[in-house]
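Subject: Handover of a structure and its findings

Dear colleague,

Please find below the structure that I am handing over to you.

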Amino acid sequence: MDLREITGDWDYRTLPANVVLGERCFIERKASFKRFRSVRDPGLSLGSGVIVYTWAEFNVEPQGSISVGDDCVLVGPVFMCAERISVGRRVVISYHVTIADSDFHPHGRAARREDALANAPGGDLRLRPRVESRPVIIDDDAWIGIGAIVLKGVRIGRGARVGAGAVVTRDVADGATVLGNPARSAAENLP
């Protein structure tokens, strides 16, 4: 392995043409894009001054699109995007955070079987059942702690804080702090 591919000193021009980078973007690891399959233009947009550290992963399906605003720090999130994930400006997302705009599989038993067969070696991906997705929106100045999970259809408000390990299944108000599984306001978590 070329050490430049894990130190940020690699040729960013090798990224797909539908990845748009703002000025002063730093991407530590080229492999963060190994599961980037978007055909949208842009499929990924990183604003000016965005820092993407080693553990970040951009798992983007063909119809998915991610936008990240200026001056964000992505310490190590895994983005799982089928439709759209939008991150505002000055957002900090920590290690091992998962942000998913879809479950990536159907819920019903028969449909799960169809999906498994379509995805199996020799399967026909055209036979995959429809999978539900809903955009995830993270507003400006939010912070998301280590190991948190943000699920489809969630909006995290401006300046909100998501505690380490929280599982966010519903919207978080501007300026709120949420903790736990499922994530609830800090006041709701008091004994």
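The notes below begin with the whole chain and then turn to single residues.

The model is a predicted one, in which local features need pLDDT of at least 70 and side-chain atom pairs count only at pLDDT 80 or more, while totals for chains, interfaces and linings use all residues. Residues are numbered from 1 along each chain as its sequence is written, and side-chain values use heavy atoms, with hydrogens and water left out.

The chain as a whole

The chain contains one helix and 17 strands. These elements are DSSP runs numbered from the N terminus: a helix is H or I over at least four residues, and a strand is E over at least two. The radius of gyration of the chain is 17 Å, close to the 16 Å that the globule rule gives for 191 residues, so the chain is as compact as a globular protein of that length. Here the radius is taken over C-alpha atoms, and the rule is 2.2 Å times the number of residues to the power 0.38. Along the principal axes, the C-alpha atoms fill a box of roughly 50 × 45 × 30 Å.

Of the 191 residues in the chain, 40% are buried. A residue is called buried under 20% relative accessible area, exposed over 50%, and partly exposed in between, with a 1.4 Å probe and protein chains only. The chain exposes about 10100 Å², and carbon and sulfur atoms supply 53% of that area. Accessible areas come from the Shrake-Rupley method with a 1.4 Å probe, and for residues only the protein chains shown count as cover.

Contact means heavy atoms within 4.5 Å. Among contacts between residues at least 6 apart in sequence, 30% join residues at least 24 apart.

The chain carries 25 positive and 24 negative charges, and their mean positions are 4 Å apart. Lys and Arg count as positive and Asp and Glu as negative, whereas His and the chain ends are not counted. Each charge is placed at NZ of Lys, CZ of Arg, CG of Asp or CD of Glu.

Cysteines

A disulfide is a covalent bond between the sulfur atoms of two cysteines. The criterion applied is a pair of cysteine sulfur atoms within 2.5 Å, and a search of the whole structure finds zero disulfides. For cysteine 25, the closest cysteine sulfur is in cysteine 72, at 9.7 Å, which is too far for a bond. Cysteine 81 also has its closest cysteine sulfur in cysteine 72, at 15 Å, again too far for a bond. Cysteine 25 is buried at 13% relative accessibility, and cysteine 81 is buried at 0%.

Leucine 74 belongs to strand β7, residues 73-81, and is buried at 0% relative accessibility. Beyond its neighbours within four places in sequence, leucine 74 has contacts that include Val50, Ile51, Phe58 and Ile93. Tryptophan 55 is 19 residues from leucine 74 along the chain, with 8.7 Å between their C-alpha atoms.

Serine 94 is part of strand β9, residues 92-100, and is buried, with a relative accessible area of 13%. Leaving aside neighbours within four places in sequence, the residues in contact with serine 94 are Val75, Gly76, Pro77, Ile144, Gly145 and Ile146.

Valine 172 sits in the loop between β15 (167-168) and β16, yet counts as buried at 3% relative accessibility. Outside the four places on either side in sequence, valine 172 is in contact with Arg155, Ile156, Gly157, Ala160 and Val178.

Backbone features in loops

Where are the cis peptide bonds described here? One runs from aspartate 41 to proline 42, with omega near 5 degrees, and proline 42 is in the loop between β2 (26-27) and β3 (44-46). Another joins asparagine 181 and proline 182, with omega about -5 degrees; proline 182 is in the loop between β16 (177-179) and β17 (184-185).

Aspartate 71 is not a glycine but has a positive phi of about 60 degrees. Aspartate 71 lies between β6 (65-68) and β7 in a loop and is partly exposed at 41% relative accessibility. Aspartate 141, likewise not a glycine, has a positive phi of about 65 degrees. Its loop is the one between β10 (136-138) and β11 (143-144), and aspartate 141 is partly exposed at 25%.

A colleague
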